[in-house]
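My notes follow in the order I looked things up.

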Amino acid sequence: MQSLDLRVRSEELAAPIVNRSQVLVVGGGPAGVAAAVSAARSGASVTLLERYSYLGGLASGGMVLVLDDMVNGPEITVTGIVSEYVERLQAAGLAVVPPKEDRRTSQELWNKWGRYGTFDFHSHSTPKPICYAAAFDPDGWKRVSNDLVREAGVTLRLHSWFSRPIVDEGPDGNGVMKGVVVETKAGPQAYLADVVIDTTGDIDVASRAGAKYAHDSYITTLVFRLGGVDTAEAERFEQENPKEARAINRRIKRLLGGAWELWWLKTPLEGVVWCNAPHMSGYDGVDPGDLTAAEFAARDRITEAVAYVKENLPGFANAYLLDAAPQLGVRQTRLLEGEYVMTKDDVVTRRHFADTVARGRDYYYPYRSLLPREVDQLLVAGRHYSATPEAQKMSREIPPCMAMGQAVGVAAGLAVSNGALVRHVDPREIQVGMRQQGADPGDVPSANATIDALVGVGA
């Protein structure tokens, strides 16, 4: 599938040019911040554009408040800029991480850490093993994002809504990215760059620039938080009356219309709990009509569920709706059909590629899955990377998306410094750059990986 042609050529550009940089990142969510910071640390001049008034995307505005999918058994696999977030949030008292000695399986440790969501949710054991994961505060995430961007020397423009890509025709017939046009309160503005990185979450830039993509959907969620909760009383009731607690929680999840196993989790703030619900299907995350309907449906369900919770669940008698996320949680919309399309089999069998440049829990991202086929000087990172819908559902958590972002930031820096097309950057150089920045690029496969020996690296 391809979008309607919304491209504009450089010579046709009517919007005023307000900025030129070597690397331009569109979308200031977790992947976008990682891309911008890593490109700047690689020596490039970088501009970051974000439509909202804050950075952080679904980690802040979407209030997805647990960082997970970072471990392969006892091995921590996702490192780099995400690790810096965890460390800075912990130092500010705004993240909770189980210490190393508690990362194992026992009922006692489950009782201690389970309600923070810091467990291996892929495990089928009962109780699930506690692992390296972080429960964090959304405003803290915004603050750390601001600090990292500012310290790296990134030029940031908030309140800038992407509108059109600036694409010229290349000698081989491919489009060549030259920048983007954004809509602002001051009117349309143009930003030019040598390399553009699409971290919008929905490949807004790539799809409008002519890159092919698939369009699918998954559940959407309007996350909310409750204040005034006596979490100690709630946990005591659950542990002493498991059968009664399960019945109440089943009723709450039905009222919400769907939720994960634990519909509420503790946060670093005393008395504040995070509710990753309601889960709603049937809404298209890039259709404004569907997004509007989903917001209304979610708030109706939240209102009904909270009233029941206050009346029936011990520890929640004085609870109140603290806030609902300003961003609807959208998990899947457009997915790039790039140089390589990751499959469910790739994820399940832990296929390791010779051009791996980032990794998730126990799966690996080849550089080709971040490259559009039809457009040069364009990279993508985040939940819209090149994958089948089935594969994406299993490999789109925030930390791996940040690893992808860091990898394409390094790649963009290399392309600029070498005067090369991004598709000609040697993945081995990206791997080296990632390690220099403290990230694991996945170049060394774990023992449980399936080695793909058929694919070479380099162009």
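**Cysteines.** I started with Cys401. Its closest cysteine sulfur is in Cys131, 18 Å away, which is too far for a bond. I looked from the other end as well: for Cys131, the closest cysteine sulfur is the one in Cys401, again at 18 Å and too far for a bond. My cut-off for a disulfide is sulfur atoms within 2.5 Å. So I wrote down 0 disulfides for the structure, keeping in mind that the model is predicted.

Are these two cysteines buried or exposed? Cys401 is buried, with 7% relative accessible area. Cys131 is buried too, at 10%.

**Overall build.** Next I stepped back to the whole protein. I noted 12 helices and 26 strands. The radius of gyration is 22 Å, against the 23 Å that the globule rule gives for 459 residues, so the protein is as compact as a globular protein of that length. Along the principal axes, the C-alpha atoms fill a box of roughly 70 × 50 × 40 Å.

How much of the protein is buried? I got 60% of the 459 residues. The accessible surface comes to about 18100 Å², and carbon and sulfur atoms hold 49% of that. I also checked contacts with a sequence separation of 6 or more: 74% of them join residues 24 or more positions apart.

I then went through two of the sheets. A reminder to myself: strands of a sheet pair through backbone hydrogen bonds, either parallel or antiparallel. This sheet is open, has 3 strands in the order 3-7-6, and pairs antiparallel. Strand 3 (66-67) and strand 6 (95-96) are the edge strands, each pairing on one side only. Strand 7 covers residues 134-136 and is joined to strand 6 by 2 antiparallel bridges. Which residue of strand 7 is the bridge partner of Ala95? I found Phe136 there.

**Sheet with strands 17, 13 and 19.** This is an open sheet of 3 strands in the order 17-13-19, with antiparallel pairing. Strand 17 (279-280) and strand 19 (329-330) sit at the edges with a single partner strand each, so one side of each has no neighbour in the sheet. I followed the pairing of strand 13 (residues 220-221) with strand 17, and it runs antiparallel over 2 bridges. Thr221 stands opposite His279 of strand 17.

**Around Ala259.** Ala259 belongs to the loop between helix 7 (242-256) and strand 15 (265-266). What does Ala259 touch, leaving aside neighbours within four places in sequence? I listed Lys253, Asn276, Ala277 and His279. That list brings back His279, the residue opposite Thr221, and Ala277, which I came to again below.

Most residues other than glycine have a negative phi, and most peptide bonds are trans. I went looking for exceptions.

Two cis peptide bonds went into the notebook. One joins Ala277 and Pro278, with omega about 0°. Pro278 is in the loop between strand 16 (273-275) and strand 17, and strand 17 is an edge strand of the sheet above. The other runs from Thr126 to Pro127, with omega near -5°. Pro127 is in the loop between helix 3 (107-113) and strand 7, and strand 7 pairs with strand 6.

Met63 has a phi near 50°. Where is Met63? I found it in the loop between strand 2 (46-49) and strand 3. Met63 counts as buried, at 2% relative accessibility.

Ile203 has a positive phi of about 40° and is not a glycine either. Its loop lies between strand 11 (187-198) and helix 5 (204-209). Is Ile203 buried or exposed? Ile203 is buried, at 0% relative accessibility; buried means under 20% in my notes.

Methods
Residues numbered from 1 in each chain as written. Predicted model: local features only at pLDDT ≥ 70, side-chain atom pairs only at ≥ 80, totals over all residues. Heavy atoms only, no water. Buried < 20%, exposed > 50% of the residue type's maximum accessible area, 1.4 Å probe, protein only. Pairing = 2+ DSSP bridges. Helix = DSSP H or I, 4+ residues; strand = E, 2+ residues; numbered from the N terminus. Rg over C-alpha atoms; globule rule 2.2 N^0.38 Å. Contact = heavy atoms within 4.5 Å. Areas by Shrake-Rupley, 256 points an atom, 1.4 Å probe, with all protein chains shown as cover.
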